Amino acid sequence: MSVRFSSAKSEYDLIREEWFERINQIAKTSVFVGGQAVNRFEKGYAAYIGTKHALGVGNGTDALFLTLKALGIGPEDEVIVPANTFIATVEAIHHTGARPVLVDCDPQSYLIDMDKMKQARTNKTKAVIPVHLYGQMVDIEAINEWADTFHIHVVEDSAQAAGAKMNQKRAGSLGTAGCFSFYPDKNLGAFGDGGGITTSRDELAEKILLLRNHGSKVRYSHELPGFNSRLDPIQAAALEIKLKYLDEWSAKRRECADLYESYLIGMDVMTPIHQNDESHVFHVYMIRVEEEIRDDVRKQLQKRGILSAVHYPTPIHLTPAFKELGYSKGDFIHSETYTKEAISLPMHNFLEEQDIQRVAHALSDALKSAVRV
Ligand SMILES: Cc1ncc(COP(=O)(O)O)c(C=O)c1O
């Protein structure tokens, strides 16, 4: 018996009939791009997140890119971003022509180090992208206070934190805009690619509406050169159905994190440090082991049918893709250190206590017999 890493298949089984019905309705109207299905999800998602607008786009990377473009960010500008994020956050900045300015993370929460963020500001800084990494919210209200003083936009990368709440406000509702990925293994995932942008700013929403659809609101009338990045209605229908379950799923993930914590007590691993509230939705459950045994521990888990992952093996400044930024080894020491020790254990909406027990037993055995390199 293996322990699955993600629950996309179980989610499909749960909503299959309702989704097929919705696909049939879409097919009957033959509106295969945009239309009612997308409008309905957007309305529901804006209400859920607590913003005036939610705009569906092609994927989470486009959500970030289109938001930055709509904010007028481009060459000569700088955007501050953590060095320990998924590459998409930095790609989105790069493709606007702006310079990504990397900063290290806090060594305990793995979230952007606020002091380093402040130190990285120059008069070219136009935006900061705090990443709600692993599903844990950055304190956006604290960032807003600083950012407002310098007219810096706060673009929340909420790809991993759909449903997370801090002081009763959801990730994606606090900054200038929130950017979501609906990639299938996300906490709220479609059955294909998808993304969304949340904002309460009318002007920004208007601009994104144009940019996502060839600069046009009325067919063949193009107000500016845009892109083609739209949320597919078939995916929007799946997302609308799944949204009903999201709070229940987030609570389930938190319960699983608590169970992991209790089953891993006494083992030589570092478990996540977090607030015991709704500000963490555990997209990823990341533990740390000694660097010398990390890869062997993962191999042994895999032999016992337990898939794990590393989020992410290489910090941005050391990836070949961003060599030209000119950073070197040692520049972001916390990001460099923990990513060599990180193991993401199975965590998903359908994980059961017996799965966690199995992972814990296998991990305990692996830690005892792991080969050091
Ligand atoms: C933190 C973060 N930002 C952005 C993205 C990009 O989303 P997508 O894969 O939908 O383009 C992801 C997706 O994995 C992510 O984890």
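Biologist: Which residues in α3 meet which residues in α7?

Modeller: This is a predicted model. Start with the side of α3: Leu-66, Thr-67, Lys-69 and Ala-70. They meet Leu-204, Lys-207, Ile-208 and Leu-211 in α7. By class, the contact of α3 with α7 divides into 5 nonpolar, 1 polar and 2 charged residues.

Biologist: At what angle do the axes of α3 and α7 cross?

Modeller: Roughly 120 degrees. The axes come within 9 Å. Helix α7 covers residues 202-211.

Biologist: What does that make α3 relative to α7?

Modeller: Oblique. The roughly perpendicular class runs from 65 to 115 degrees, and antiparallel needs over 145, so an angle between those two classes counts as oblique.

Biologist: Is the crossing of α3 and α7 left-handed or right-handed?

Modeller: Right-handed.

Biologist: Now α3 and α4. How do I read that pair?

Modeller: Take the angle, then the handedness, then the contacts. Helix α3 spans residues 60-70 and helix α4 spans residues 87-94. Their axes cross at roughly 30 degrees and come within 8 Å. Angles under 35 degrees count as roughly parallel, so α3 is roughly parallel to α4. The crossing in which α3 passes α4 is right-handed.

Biologist: Which residues of α3 and α4 meet?

Modeller: On α3, Thr-61, Leu-64, Phe-65 and Leu-68. On α4, Ala-88, Thr-89, Glu-91, Ala-92 and Ile-93. That contact divides into 6 nonpolar, 2 polar and 1 charged residues.

Biologist: Move along the chain. How far apart are the axes of α9 and α12?

Modeller: 10 Å, with a packing angle of about 35 degrees. Helix α9 is residues 246-263, and α12 is residues 353-369. Their crossing is right-handed. From α9, the contact takes Cys-256, Leu-259, Tyr-260 and Tyr-263. From α12, it takes Glu-353, Ile-356, Gln-357, Val-359 and Ala-360. The classes are 7 nonpolar, 1 polar and 1 charged.

Biologist: Let's step up to domains. Where do the bounds of domain 1 and domain 2 fall?

Modeller: The domain assignment gives 8-243 for domain 1 and 246-369 for domain 2. The C-alpha centres of the two domains lie 25 Å apart.

Biologist: How many residues of each domain are in contact?

Modeller: Domain 1 supplies 42 and domain 2 supplies 35.

Biologist: What area do the two domains bury between them?

Modeller: About 3,500 Å². Carbon and sulfur atoms account for 59% of that area.

Methods:
Residues are numbered from 1 along each chain as its sequence is written. This is a predicted model: local features need pLDDT of at least 70, side-chain atom pairs count only at pLDDT 80 or more; totals for chains, interfaces and linings use all residues. Side-chain values use heavy atoms; hydrogens and water are left out. Axes are lines fitted to C-alpha atoms, for helices over the stretch in contact, and angles run from 0 to 180 degrees between N-to-C directions. Helices (H or I, at least four residues) and strands (E, at least two) are DSSP runs, numbered from the N terminus. A crossing is left-handed if the near helix is turned anticlockwise from the far one by less than a right angle, and right-handed if clockwise. Contact means heavy atoms within 4.5 Å. Ala, Val, Leu, Ile, Met, Phe, Trp, Tyr, Cys and Pro count as nonpolar, Asp, Glu, Lys and Arg as charged, and the others, Gly among them, as polar. Domain bounds come from an automatic or database domain assignment. Buried area is the accessible area (1.4 Å probe) that two parts lose on being put together, summed over both.
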